[in-house]
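Visitor: I would like to learn how to read the arrangement of chains and helices in a model. Could you take me through it step by step?

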Protein chains: 2
Amino acid sequence: MYLENINSPKDLKKLKNSELEALAMEIRNALMNRLSKLGGHFGPNFGMVETIIALHYVFNSPKDKIVFDVSHQSYTHKILTGRKEAYLYDEHFKDVSGYTNPQESEHDFFNIGHTSTSISLAGGLVKARDLQGNNENIIAVIGDGSLSGGEALEGLDFASELKSNFIIIVNDNDMSIAENYGGLYKNLNDLRESKGTCECNLFKAMNLDYTYIDEGNNIEKLIETFNKIKDIDHPIVIHINTTKGKGYKIAEENKENWHWHLPFDIDTGKTKISNFEEDYGMLTCEYLLEKMEKDKKVVTVVAGVPGNIGFTKEKREKAGKQFVDVGIAEEHAIAFVSGIAKNGGKPVFATHSSFMQRTYDQLSQDLCINNNPATILVNTASVYGMNDVTHLGLYDIAMMGNIPNLVYLAPTCKEEYFSMLDWSIEQNEFPVAIRIPCNGVVSTNKNYEKDYSKLNRYQIEQSGNKVAILALGDFYQLGEKVASEVYKKWGFNPTLINPRYITGIDKEVLENLQKEHSLVITLEDGILEGGFGEKIASYYGTSNIKVKNYGIKKSFPDRYGVYELLKQNRLTVEQIIEDINKFI
Amino acid sequence: MYLENINSPKDLKKLKNSELEALAMEIRNALMNRLSKLGGHFGPNFGMVETIIALHYVFNSPKDKIVFDVSHQSYTHKILTGRKEAYLYDEHFKDVSGYTNPQESEHDFFNIGHTSTSISLAGGLVKARDLQGNNENIIAVIGDGSLSGGEALEGLDFASELKSNFIIIVNDNDMSIAENYGGLYKNLNDLRESKGTCECNLFKAMNLDYTYIDEGNNIEKLIETFNKIKDIDHPIVIHINTTKGKGYKIAEENKENWHWHLPFDIDTGKTKISNFEEDYGMLTCEYLLEKMEKDKKVVTVVAGVPGNIGFTKEKREKAGKQFVDVGIAEEHAIAFVSGIAKNGGKPVFATHSSFMQRTYDQLSQDLCINNNPATILVNTASVYGMNDVTHLGLYDIAMMGNIPNLVYLAPTCKEEYFSMLDWSIEQNEFPVAIRIPCNGVVSTNKNYEKDYSKLNRYQIEQSGNKVAILALGDFYQLGEKVASEVYKKWGFNPTLINPRYITGIDKEVLENLQKEHSLVITLEDGILEGGFGEKIASYYGTSNIKVKNYGIKKSFPDRYGVYELLKQNRLTVEQIIEDINKFI
C-alpha cells in the first residue's frame, strides 16, 4: 500500500516512477469505495487519475497552483493532498465536498462547481503573480466538454495576452456529460487523429503554444511532458487524450450514464437505489415527445444536460431534429430559442436553476426586450434541489422574477404544470418561464386554467378570513398544511391563495383581502431578498394589513439538510403557526 | 441623386453595378448629416456602407433575414429599408433609434444593443426555418470586436451543427471600441495578411466553411462573393476586411475616438458640445492612476470600454501592466479579478450597469461564493444614464443586490464615493461593488467614513420625526430636497438617512425609527421590483409603521425623457410631498 504513506504531495515525490502505476490502482480502489457507496462524478475522476498524479509529482502544490474546472475531476487531487480518508473510510465520506474547496485544503484555490471557469480564474492568479514578481507555476485544468462554454472561450482567447507562465491542461475524453456538440469538437478530433499535428488548431488560432499527449493515461509520458514545460515563460495548452471512466469497463462502455452515478454494485454496475417513482424529468420528456410528434414546429433545447428533463439517448433519437443539445452554452441557448420563436418555431429550453444564472443578460436582452414567445423551464429550483453551494436552486426568483416582460409561472402540482406548459408553447405573446415543482410529483387530478394570457391573476383556493396565505409554487402544499393547522387550532378558515404568477401582482385580489384580513403571509421556495413576498409587503406598505414573508434568508448554504434549513428560516408548519399566533 | 428613389431594397436592385458607388457616396453624406448634428456610432457605420449595399443588392430582405450584431452598424440598412428620412432631414432624426428595431421595420428582426448576440439569434432563425421547411437565406453580421464575447464564441462554435444555409459575415476592421485584446485577433491578422489562406483558421477550427474578401469596401467584389454563396446549403463565414470610419479621413486616422462621436464640425472634426465639467470617469481614472503608482498590486480591469472610467490611450499607457482590457468579455473579467484578488492582487473592474448583466453567474459563483476581495465599479447605473432600451442602468440593484456575500455600496457624492473605493481596494474580507453616482458630480466637502467593514450601518444625516426618508445613492439629493420641502410645508424636520449599503438592512436604525416615525419612504435610482425599498417594506411588514417605496416601475423604457420617466413614477419632489400628505 503506497497510498497510506501519502499525506501530501511531498510524500508522492518520494515514489519511483515505477511505483506510481501501483499508486494509481490504489487510488482507483479508493475512488471506487466512495463512489460505489455514496455516488458522485465517476467518469471524470477515473479518467484523470494519471494526469493528477503526474501534476503533483512534477509541480509543487500549493506554491504551484492547480485550478480544476467544475472541479468534479479533483478527487485524486484531494486524495493526494491530505484528504484520502474521505475516500478510504466510510465514516470520513462527509469530510469533503465533491468539489475543490479552500476551506478543506490550502491546495484548493476556489470553490468551483459550474463549468468553464478555470482558465479565467487561473488567469487571475497569473496576473496577480506577475504584478508581485513571483514565479510559481499556474495550471488550469479543463475538460473538453467545458470548452463550449462562453466563459471558457473568453478565457482561452484572453490567455495569450498574459504572456507569462500559464499552463492550460485540456483533458479531452471526447465527451461532455452526454455527446459533445459544437464545431470545435471536430477540431479536437482532428487533433487527436493527427496526434496533435494538424495545421488548423483551435488553440493555436487563439495564439497559444500547444503540445499534445496521446497516451493521457500513461503516467510516465505525462511526467515527461510536464517536466519539459514546468516553469515555461508563456501560456501553453497541453492537450491530453484520456479515457473517461478509465479502469472500470462498465463506465468506459457507457460514458454518459457514468459521468455521474448513484451508488452501485461494483461487480454488476447496477444502481443500488431503485427509484421507480414518477419524476418531472420523465414526465416532461414524455409530454414533449408527444407534443413534438403532433407539431413539427415544437423543438426542445438543452445546454449539455439532456437528463434534466429526461432526454436519454433513446428519447433524443426519437425526437430527431426537434431535439437540440447546444452543448454547455446557456447564453447561446437563450438567444437561440429567442430566434426560433421569432421565426415561427415553438422552442422549449430547460436547464437547472443554478445554470440559468449563466444567462441573465440573454434573458433580458435577447429574449425579453424582444418579447419573443419562447418557453423556459427552470428545473431543480428549490430548497429540495441540489444542495452543494455551487448548485443551489434558490436564486432564480430573485434573478428572473424582476426581468421586465418575462412571465414567470409557479405551478403547484403536476396538472397545473402541464396546463401552463401547454399554454406557453401555444401562445405567441410572451416569453414565459415555468418553475418546475421540486417537492415530488404532487397530483391533484383537478382541472386547471387553460389560458394564462390575462396576466397576474391569483387563484383563490379557499376563501376565509383574518389570515391570507399566499403559497407560491411548490410551497403551496406547505400553505395547505398551515391553513389546515390554523383551522384546527383556532377554528377559522384562513384564505389560501395560489399566486401562479411570480412576476406580477394581482391588485384586485390584494385589495379585496384588506376587507376581512389583518395578516397576509407569503411562502416561497427560494431566497426572500428580491423575491415574491417582498413585492406583497411593498404593495401593502401603506395599508393597515400586516405582511410576513417566508423564504430562505439570502446566503450560500452548503450541503445543508433540508429540514434544518427550513427550520433555521422558520419554515416549518409549527413555526409559522407560532408566528401567526403572535400577529393576529 | 439615387438615394431619393430608394424606398426599399427592391428599388436598390434597379441600379446598375456602376451606380452603386455613387449611391454609397450619397449614403455617407446622409450618415454625415445625422451624425454630425446628433452624434452616434460613426466608425462602424462608415465602414459598412458597401457591405450593406451589397447585401441588399444580392439578398431579398425581409424574406432573407439579416441580423446585425450590436446593430450599431445598421444605419445604411435603415437608409435602404425605407427610413432614409431619418438621416436626410433633421426633423425626422427622432423617427429611428440607433439600433435595429422590429417596431420600425419588417426588415429588422431584433432590438439589439449588446454585443456578441447576432450569431446565436440568427442561428435560432435558421433552426425555425428548417423545422418549417422554408428556404430563405439567414445572415448574421458581426464585427471583429464582438468576437471576443462568450455568447458570440458559443454561437460560432454551435453554428456548424445547424448544417444548413447560414451566412456569417465577419466585419473585420481590426478594432474593437479601442484596440482588440485576445489571441484570436492574431489569427484574424494572419488571415488578413495571407488573404484568407493561412492554414490555421479560427473559423475552420470551429468546423465552418470560410471565404475571405480582402477589399471589403469594394461593392463589386462584395456582390460577386455574395452571389456565389447565396442559397448555400451549409454554414459559412465570410470574412470581410473593412476600414472603420471609411470615407472620413479624420475618423480613419483616430478610430477609437470615432467609434461613437458627439456632434461635430464636418470640416475640422471638432466636437460641437464642449464639456469641461468634472465627471466620474475622469475622476476615477485620476484616482486609480495615483493609487496604482503607489501600490503595484492594484490593477484596473475593463472589458472593452476603457472610456467608461476615463482611461484614454494616454492614461492606459501610463498605467502600463496595471491596466488590463480583457476585450468584450465580461464573464472572463469577473472570474479574472476574483483570481487576482485570491492571489494577493487588488483588482478594480469597471463597466456599465447594462453590461454587468453579462456576468450574473460569475459574480455569484466565481466571485461571491469564493468571497474574494475584488472591487467592482458599476457605472451609468441610473435613470440619468443611457436611455436606449438596450443600454439601461436600472436593473443592477435588483440583479446584484440579492447575491449573497456581495457588499454593494451606494455613495451619495464624490467624497463618499472615493472613501468607499479606497476602503474597498485596501480591505481583504469582501467582494465589493460600488454604484458610481450618475447625477452629476456632487461635492459636499464633508468627511466620510473610512471603514465600511462593519456592514449594513446606515448613516443618519438628519434626525427628525414623523417621516423618515431613506435616500439611496444618487437619489440622496432628491431625499434632501424632499426633507427640506417637508420642513417648509409642515414645519417639522423629517429624518434623512443615507443607507450606504444596498445589500443589507440596518436593523438597529430601523428599529429605532419606529419610536417617533409613522412613515418611512425609500428612494432608489432603479427598478423597484427586487430592489432596496422592498426589503425595508418587508422588514416593517408586521409593524405599525407605514412604508412607501419610490423607484422606477419594472419595465423597458426606450429613449425616455428623464423628467417624464420620473414623473410617471411619482418621483418628483412635488409628487412625493403630495403622497406624504396622504399618509401622515
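Guide: Chain B can be laid on chain A with an RMSD of 0.0 Å by a turn of 180° and a shift of 0.0 Å along the axis, where copies are superposed by least squares on the C-alpha atoms of residues with pLDDT of at least 70 in both. The two copies are thus related as by a two-fold rotation axis. This is a predicted model, in which local features need pLDDT of at least 70 and side-chain atom pairs count only at pLDDT 80 or more, while totals for chains, interfaces and linings use all residues. Residues are numbered from 1 along each chain as its sequence is written, with chains lettered from A and ligands numbered from 1 in the order in which they are written.

Visitor: How many residues does the contact take from chain B and from chain A?

Guide: Two residues are in contact if their C-beta atoms, placed from the backbone, lie within 7 Å. Here 97 residues come from chain B and 97 residues from chain A, and helix α7 (residues 118–131) of chain B gives the largest share of the chain B side, 10 residues. Because 100% of the interface residues of chain B are also interface residues in chain A, the copies meet through the same surface.

Visitor: At what angle do the axes of helix α7 and helix α8 of chain A cross?

Guide: Axes are lines fitted to C-alpha atoms, for helices over the stretch in contact, and angles run from 0 to 180 degrees between N-to-C directions; helices are DSSP runs (H or I, at least four residues), numbered from the N terminus. In chain A, the axes of α7 (residues 118–131) and α8 (residues 150–159) cross at roughly 40° and come within 7 Å.

Key:
Helices (H or I, at least four residues) and strands (E, at least two) are DSSP runs, numbered from the N terminus.
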